[in-house]
Amino acid sequence: MSNVIEIKVPDIGQSEAVDVIEVLVKAGDTIAVDDPIVTLESDKASMDVPSPYAGVVESVSVKVDDKVTEGSVILLLKTEASVEKPAVTAEKIKEKVADIPTAFQDTNLGVGADPRVRPEIADNLHAGPAVRRLARELDLDLRQIPATGPKGRISKEDVKNYVQARMQGGGGGFAFPAVPQIDFSQFGTITIEPLSKIKKLSGANLHRNWVSIPHVTQFDEADITNLEAFRKEHKAEVEKQGIKLTPLVFIMKAVAAALKKMPQFNASLSADGASIILKQYIHLGVAVDTPNGLVVPVVRDVDKKSVLELAAELASISERARNKALKTPELQGSSFSISSLGGIGGTAFTPIINAPDVAILGVSKSSYKPVYDKGSFVPRLMLPLSLSYDHRVIDGADGARFCKQLVEYIEGVPLSL
Ligand code: CAO
């Protein structure tokens, strides 16, 4: 025999009224046990209330922005179930809330930055579990989605509109052909090793940055003969303080000066693509090669620190990156990034932009080259630079100007510690 029963707000672990931020069912819907029926939001968390019974919704008694407490009627349900004991408990709801990942590693170069978990740690981001789940399923970064709900809340509608806009803007009917599944053992012996967690997370972000940003890479060279002579002169003395002096810290100072001169490189594109967000701070993401994969810790306020301070900080963060000892905030907030492969080798490469930055500098290995000067060739130590920039924000001419400016700053960087 069927009953019509009231489904009420269960014990949610607090006595204060909470907001209804989403109503997930309507009259006539058939629901199963544990199907979410409303999303509630307190000051601390948002939570889905699952249905304790299966049945058909007769009517819904709450609407968005209502305030409810334990015992408030949510809906009337026609059910065949026996209704002795409601199945929903505070523990069950808490379990559901705990389902949502709460931490992530944002390395920005994409690196380590998993877009599916990223939104969950954004402090002032308002979105219910259902919206967060949807964003995770679609691999979307919630912070990119313009919110239209009350108190700046992101609704399901906002997510749908965002996806639609993205498809209209960039889809064009184009779809990637699937990568063929091949059994390589047919060609010879193989072994299969799982990718590290960092590689999986960074891979997703590098892929996103590579396909979603129109990259251009500009190449140049800076004469670091004098810089290198100065560095070598002071290397031993600095090492006594436990600090390793490499060309990179001088390059970081020169980059900071160039970013001050050309702030459009120290910027991000707004989520709707309609404006540029210029940053008044210079925080440089520095790519660090670790046994587990690429990590990009951030050195803050590079323009305000001395060469020695930067060298000490760089050594500390790269060591901690390799020991997996970095804290989440140390991986966030870069305004421009540097990937230096100079200690390894190579003459040039095309670094992938560390979104939401709009540019990244690649540094390759310096080598002596004959440079024509006043009628003769002289040996000079030349440093190869590769600047990748987002062509939506930066024109080619500015890309070339930035490189020229950077070369001038590297060649004239104050030779002091
Ligand atoms: N040209 C020539 N020599 C260079 C150089 C350059 N551009 N840059 C560094 N070197 C030298 C250093 O001076 C040092 O030699 P000495 O000990 O004789 O002085 C040696 O190379 C090793 O330097 P280093 O790599 O340990 O230090 P760094 O400050 O240059 O770089 C760090 C630090 C953390 C950036 C680096 O160790 C690293 O991890 N680089 C890899 C970054 C990476 O993986 N990028 C790819 C990202 S995309 O996949």
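The structure is a predicted model, in which local features need pLDDT of at least 70 and side-chain atom pairs count only at pLDDT 80 or more, while totals for chains, interfaces and linings use all residues. Residues are numbered from 1 along each chain as its sequence is written, and side-chain values use heavy atoms, with hydrogens and water left out.

Helices (H or I, at least four residues) and strands (E, at least two) are DSSP runs, numbered from the N terminus.

Several atom pairs can be picked out by eye. A polar side-chain atom of T246 lies 2.6 Å from an oxygen atom of the ligand. Backbone atoms take part as well: a polar one of S364 is 2.9 Å from a ligand nitrogen, and a backbone N or O atom of S340 lies 3.0 Å from a nitrogen atom of the ligand. Of the 960 Å² of accessible area that the ligand has on its own, the protein covers 75% (Shrake-Rupley method, 1.4 Å probe).

The ligand sits in the second largest pocket, meaning that more than half of its atoms lie within 2 Å of the pocket's grid points. A pocket is an open set of points on a 1 Å grid over the protein atoms alone, where a 1.4 Å probe fits, with protein on both sides within 12 Å along at least five of seven lines; lining residues have an atom within 4 Å of a point. This pocket is lined by 39 residues, with T246, L248, S340, G342 and G343 nearest its centre. The largest share of the lining, 5 residues, comes from α7.

Finally, the backbone. Most residues other than glycine have a negative phi, and most peptide bonds are trans. The bond from A355 to P356, however, is cis, with omega near 10°; P356 is in the loop between β18 and β19. D65 has a positive phi of about 85° although it is not a glycine.

How values were computed: A polar contact is a pair of N or O atoms within 3.5 Å; within protein, one must be able to donate a hydrogen and the other to accept it, and residues adjacent in sequence count only if both atoms are side-chain atoms.
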